[in-house]
Amino acid sequence: MPELGEKDYRPSWVPLEKDPNFACSVMGGIDSTVNAVSEKKYAPEITARKFPKRRKCTPEEIIEGVKNGDRVMLSRAITLIESNAPKDFDNAQRVLQALLPYTGNALRIGISGVPGAGKSTTIETFGQILCQLGHKVAVLAVDPTSSITGGSILGDKTRMQNLSREPNCFIRPSPTKGTLGGVARKSRETMLLCEAYGCDVILVETVGVGQSEITVRSMVDFFMLIVLTGAGDELQGIKKGIMEVADAIVVNKADGDNLPKAIVTQGEYERMIEFIRPATEGWKTHAYRCSAYTKEGLPELWGVMCEFKKVTMENGAFERRRKSQLLSWINSMIDEHLHNLFFEDPMIKGRMPAVMEAAVNGVVSPSQAVTELIRAFDVNRASMKHLQNNKL
């Protein structure tokens, strides 16, 4: 092994000095043993130094930080909420329960549309306009999760470079985790934390994959659908059902040579809206056009949203929708809890492989397989309850 200062070992065909006949040069690899020896010899304090781990904040510290507008504490609170670790569940609920009185004061806006419609660009420009008007904005940018690797790019902070620099804007990318509609399972709790942090406008960008986008309606006040010109048969929008839940249809990229087409497309959607039942009681859905590039139409669109909030709060539709969404949220959590309770049951884990194999081989029908598993689950729960009663 070479001493410190000697030339590194290299293959015999590699010249010791740079040679113009070689298109590239080969660098010697790193010998961890040599590094370890040299560190101990020349810098023993480096190996002896132990860097302390970042201290884990208590729920009380997180609560106070979020209420005081601490961005770092908001990020830690969201991380705690999104954690699937059982040890974090109780602390997450303590944080959420303590911050609940400070929530509900923001206008929640869902933004959907086909991929390539310009959702992220529109959100960035729109968010900058809102920040300039003095609003505190939170952007929940939902990224699709790969069904193969289970990973997400989470690149909206990179795509929204200008908006991410705004001090009054908080951007939180989160993976869909396979949830229908591209809305992460913890997105509702994240919205509440952002409201407690002081945000008065919440923008939720969805994946934009079609029919499943309707589920975002269950968590926002105002739902905006972004469409493009020349995207094909506009009747497909009605067939998908997404137009039925839209409070505004916005034709994007209405600038330059595309402006005449955008005007025509706006008129076509405006005529189609006449055949669709309004998505919100007391509010008439209309088609608008805007340009995220030139910013034209976006200030007017904010005026439409403010008018929507005023009208729906006066007729009571705003409050009724919030209550309906809360009940839907409770029902979805019950479904999720029962789902986990069923598949985590020891009896089900033991019986599942045999029953599934029998169903695949045609020995039993799928309905019979389900019935048998549910019966085994009921029997196991009843026996556990009987044992507990006997202990008491």
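Tutor: Let's start with the term: a salt bridge is a side-chain nitrogen of Lys or Arg within 4 Å of a carboxyl oxygen of Asp or Glu. This is a predicted model, so local features need pLDDT of at least 70 and side-chain atom pairs count only at pLDDT 80 or more, while totals for chains, interfaces and linings use all residues. Residues are numbered from 1 along each chain as its sequence is written, and side-chain values use heavy atoms, with hydrogens and water left out.

Student: What is the general idea, and how many salt bridges are there here?

Tutor: Side chains of opposite charge can pair when their charged atoms come close. In this model the count is eleven salt bridges.

Student: Which residue does E281 pair with?

Tutor: E281 meets R320, at 2.9 Å from N to O. E281 sits in the loop between α11 and β7 and R320 in helix α13, 39 residues apart. Helices (H or I, at least four residues) and strands (E, at least two) are DSSP runs, numbered from the N terminus.

Student: Is E281 buried or exposed?

Tutor: Exposed, at 52% relative accessible area, whereas R320 is partly exposed at 42%. The cut-offs: buried is under 20%, exposed over 50%, partly exposed in between (1.4 Å probe, protein chains only).

Student: What about D247?

Tutor: D247 pairs with R321, with the closest N and O atoms 4.0 Å apart. D247 lies in the loop between α10 and β6 and R321 in helix α13, so the pair ties together parts 74 residues apart in sequence. D247 is buried at 0%, and R321 is buried at 17%. Shared partners also join R217, D247 and R321 into one network.
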